[in-house]
Amino acid sequence: MTSRPLAIDVKNTPLDNRYLIQLIVDNRNIGSKSTFKTCHNAQYYGQPLRPGDLSILGAKSLVAKRCFSIQPNTSDGQYSSHSKRHLARIPTASELPRMLDEANCLYWGTALMGMVYNLIDDPSHLLPSSAACASELESNSNSSSILSAVPRLRFVYCGLSVPVDGGGAVYLLEEAIDAPFTKYVLNNSLSPMPGLKPAQLRIATFLCFAQHAQYLLSEGKIFLSDFQGGGELLTDPQVITSDEYSNKFGQGNLSEVLDNLETLHVCNAYCHRFLPRNSFSRHDGSVDSKSIKSMTTASDMDLGTREPM
């Protein structure tokens with residue numbers, strides 16, 4: 001069990017005006033280890049917060065995530081899939097940039113999913129071609145079931161716990177997901193995971209539509225992948241960008257996945273309902289951004305200069 005006093009920084013307030021809490025982290029891992037992180041139950045004690053002061057501390061329950069590296073597990077210094085993996089913690093100086101990437105992906109994930117819901121909720125973004133297509137689809141019984149309810153999803157609230165003395169663990173604190181956990185779309189994929197149950201498949205199908213919408217709304221520069229979570233909550237997304245921003249958002253930013261979206265993405269009922277037809281129709285391979293009323297511009301996205309959360 002790890003205990004740490006924390007000064008919660010809200011809008012860069014002076015240290016003596018920050019909330020002081022005690023963070024308790026259970027060192028035992030919960031669930032299966034992901035590729036880069038372990039997950040631990042966590043809780044905090046301290047000054048009650050006013051509603052809306054800080055979302056992560058308003059969550060009913062928390063988890064704390066830490067990154068790790070995999071050490072060679074054979075006598076010759078190689079990695080073997082047949083032997084137990086040896087996990088090692090990494091120095092704080094290396095841990096912090098990696099956890100900043102994780103937090104930044106959640107920050108951008110929230111913004112990018114917000115763009116998708118703005119598109120859905122604001123009829124002014126629906127062009128005549130997509131409206132006509134929607135009417136046609138809703139008359140089809142096979143499509144009407146998937147369109148009957150748009151999944152309302154959001155990414156978990158999060159924050160970083162950073163030791164100020166240069167030692168100790170850097171934790172990514174997240175709102176805990178209490179519902180059964182599902183992987184919807186892989187990091188290197190543009191289609192739902194195979195074998196999903198109908199309710200899970202509906203969410204995964206919607207998230208593939210979200211990839212299409214984000215790609216169009218960002219003028220071909222960015223979308224989300226590696227969708228996973230439970231209930232209405234999503235976590236651990238990967239931000240996928242064009243090659244010019246491939247050094248952002250960590251090692252999972254596979255620009256070749258974005259390069260292949262126009263070829264490999266299969267439009268579904270959500271795409272037909274909310275996006276114009278033939279949105280990948282330009283022969284030079286670039287996005288015809290005039291086919292959708294974009295709510296942002298490439299400069300607004302500011303992928304190269306936006307500060308991490």
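Tutor: Buried means under 20% relative accessible area. The structure shown is a predicted model.

Student: What percentage of the 309 residues of the protein count as buried?

Tutor: The cut-off to apply is a relative accessible area under 20%. Among the 309 residues of the protein, the share that counts as buried is 46%.

Student: How many helices and how many strands does the protein have?

Tutor: Both kinds of element occur in this predicted model. The protein has 8 helices and 14 strands.

Student: Which element supplies the largest share of the largest nonpolar core?

Tutor: This core has 53 residues, and those with the most contacts inside it include Met113 and Phe206. Several elements each supply at least two of its residues, among them α1 (92-121), α4 (198-217) and β11 (222-225). The largest share, 12 residues, comes from α1.

Student: How many residues has the other core, which lies apart from it?

Tutor: Ala42, Ala59, Leu62 and Tyr171 are among the residues of this other core. Its number of residues is 12.

Student: Which residues does Met113 contact, leaving aside its neighbours within four places in sequence?

Tutor: Met113 is one of the residues with the most contacts inside the largest nonpolar core. Beyond those neighbours, its contacts are Phe155, Phe206, Leu207, Ala210, Gln214, Leu224 and Phe227.

Student: Is Thr235 buried or exposed?

Tutor: Thr235 is found in the loop between β13 and β14. Its relative accessible area is 2%, and the cut-off for burial is under 20%. Thr235 is therefore buried.

Student: Which side chain is joined to that of Thr235 by a polar contact of 2.7 Å?

Tutor: Not counting residues up to four places away in sequence, Thr235 touches several residues, including Lys65, Glu174 and Asp226. The polar contact of 2.7 Å joins the side chain of Thr235 to that of Glu174.

Definitions and conventions: Residues numbered from 1 in each chain as written. Predicted model: local features only at pLDDT ≥ 70, side-chain atom pairs only at ≥ 80, totals over all residues. Heavy atoms only, no water. Core = buried A, V, L, I, M, F, W, Y, C linked by side-chain atoms within 4.5 Å. Buried < 20%, exposed > 50% of the residue type's maximum accessible area, 1.4 Å probe, protein only. Helix = DSSP H or I, 4+ residues; strand = E, 2+ residues; numbered from the N terminus. Contact = heavy atoms within 4.5 Å. Polar contact = N/O pair within 3.5 Å; in protein donor to acceptor, adjacent residues only side chain to side chain.
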